[in-house]
Amino acid sequence: MIVFIKRTILIGAVFLAIAGLGIWITSGEIDYNSSYHPFKSEKAREKFLTYYDQRSELWPVQAETKFVETSYGQTFVRISGPEDAEPLILLHGVSGNSLQWLSNIEALSEKYRVYAVDIIGDNGRSVYRKELKDASDYTTWLEEFFTELKLDKPLNMVGLSYGGWIASQYVLEYPKKINKLVLIAPVGTVQQLSAKWAVRAITVAIPLKYFTKNFMYWLAADTVESGDIGKRLIDEHIDEAYLSVRSFQSRKMVTPTLLSDEELGNLSIPTLFIVGENEKIFSAEEALTRLRTFALQIETRLVPNAGHDVTMVQAETVNTEILNFLNQ
């Protein structure tokens, strides 16, 4: 129990330190009713959404988009795949949006009805109308979202990084509503953040693009080293991160927590844990050891030549692993 508490405290302390990646502490009251909320100004709103819509044109398959009303605000979702297929929910990483799945959507939507969500309160088209204060707010928001979409049969869910933590919390609260769960390098959840990541992440708070670039090149080293295309892809993520910082109002974010040994062991729905061998936010080896000790029912995959960029640099492998797991 003491070890678990220490891990949780470390995650909270470090997670709130990475201001430059879009995780900020609110400095004043948020005007939820302004015409440009959650942006800093109408000009910032227009600039970001123009950029966002231009990137949306890269979505490689036909998609329906819609806003879904919840008590937390409007949730934007991008829907692809056969209308009568099993539903598959995609939850992206922190400071991002549904476009993080550009490398994966074509394969995943071939046989599944895929709902790529812009997580409420993050850097996308969703518009939050009240603060999300803890994990229960995220699970309630998702439940309302699913209800409004009339997704009343068991869902498949894939969560990346922060989205993986949100997915795990939803499963703990509503286990009967999920058919299968895929966690891709989830922040918190299984393993505490690494000290090396903490030291490097703190430098991103310095408001110079050099530090963000240095950090991102380290975090996604496998993609950067894969060639010019990979390097350009990471540069685009850096540009988007900077635009987001300049565009969105500051806000609080919920600190991700670790699941206890008991919670991991009692996770009864079929679950797949995917991590790159060069993962930087935590030790892949230690995470796999913990799962093999306390949660043997969870399937695990260690992907070579990948880190936290696993869904990009090894997209084909990740897509295959997800689909094989879902199709079992």
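Is serine 161 buried or exposed? It is buried, at a relative accessible area of 8%; buried here means under 20% relative accessible area, exposed over 50% and partly exposed in between, using a 1.4 Å probe and protein chains only. Some notes for a first look follow.

1. Ground rules. This is a predicted model, where local features need pLDDT of at least 70 and side-chain atom pairs count only at pLDDT 80 or more, while totals for chains, interfaces and linings use all residues. Residues are numbered from 1 along each chain as its sequence is written, and side-chain values use heavy atoms, with hydrogens and water left out.

2. Back to serine 161. You'll find serine 161 in the loop between β6 (155–160) and α5 (162–173). The element names are DSSP runs numbered from the N terminus: helices are H or I with at least four residues, strands are E with at least two. The phi of serine 161 is near 55°, which is a positive value in a residue other than glycine.

3. Another positive phi. Asparagine 305 is not a glycine either, yet its phi is positive, at about 55°. Asparagine 305 sits in the loop between β9 (299–303) and α12 (310–313). With 46% relative accessibility, asparagine 305 counts as partly exposed.

4. A cis peptide. Have a look at the bond joining histidine 37 and proline 38: it is cis, with omega about 10°. Proline 38 belongs to the loop between α1 (2–15) and α2.

5. A buried arginine. Arginine 55 is part of helix α2 (residues 42–56). Its relative accessible area is 9%, so arginine 55 is buried. Leaving aside residues up to four places away in sequence, arginine 55 touches Leu99, Leu102, Glu236 and Glu240; contact means heavy atoms within 4.5 Å.

6. Helices α4 and α5. The axes of helix α4 (residues 135–148) and α5 come within 9 Å, crossing at roughly 80°. Axes are lines fitted to C-alpha atoms, for helices over the stretch in contact, and angles run from 0 to 180 degrees between N-to-C directions. That angle makes α4 roughly perpendicular to α5; under 35 degrees counts as roughly parallel, over 145 as roughly antiparallel, 65 to 115 as roughly perpendicular, and the rest as oblique. On the α4 side, Ala135, Tyr138, Thr139, Leu142, Glu143 and Phe146 meet Tyr162, Trp165, Ile166, Gln169, Tyr170 and Glu173 of α5. By class, the α4 contact with α5 splits into eight nonpolar, two polar and two charged residues. Ala, Val, Leu, Ile, Met, Phe, Trp, Tyr, Cys and Pro count as nonpolar, Asp, Glu, Lys and Arg as charged, and the others, Gly among them, as polar.

7. Helix α6 and its faces. Trp197, Ala198 and Ala201 are the buried residues to look for in helix α6 (residues 195–203). Viewed down the α6 axis, the buried residues fall within an arc of 100°, so they line one face of the helix; the arc is that of the directions from the helix axis to the C-beta atoms. Turned away from that buried side are the exposed residues Ala195, Lys196 and Val199.

8. Helices α6 and α7. These two pack at about 155°, their axes 8 Å apart, and α6 and α7 are therefore roughly antiparallel. From α6 the contact uses Lys196, Trp197, Arg200, Ala201 and Thr203, and from α7 Phe211, Asn214, Phe215, Trp218 and Leu219. The α6 contact with α7 has six nonpolar, two polar and two charged residues.

9. Helices α7 and α9. The axes of α7 (residues 209–219) and α9 (residues 228–247) come within 10 Å and cross at roughly 135°, which makes α7 oblique to α9. Here Lys209, Thr212, Lys213, Met216 and Tyr217 of α7 meet Lys231, Ile234, Asp235, His237, Ile238, Asp239 and Tyr242 of α9. By class, that contact of α7 with α9 has five nonpolar, two polar and five charged residues.

10. Helix α11. Ala284, Ala287, Leu288, Arg290 and Leu291 are the buried residues of helix α11 (residues 284–294). Looking down the α11 axis, they fall within an arc of 160°, so they line one face of the helix. The face of α11 turned away from this buried side carries the exposed residues Glu285 and Arg292.

11. A pair of serines. Serine 95 lies in the loop between β3 (87–91) and α3 (105–108). It is buried, at a relative accessible area of 15%. Serine 95 and serine 244 are 149 residues apart in sequence, and their C-alpha atoms are 8.0 Å apart in space.
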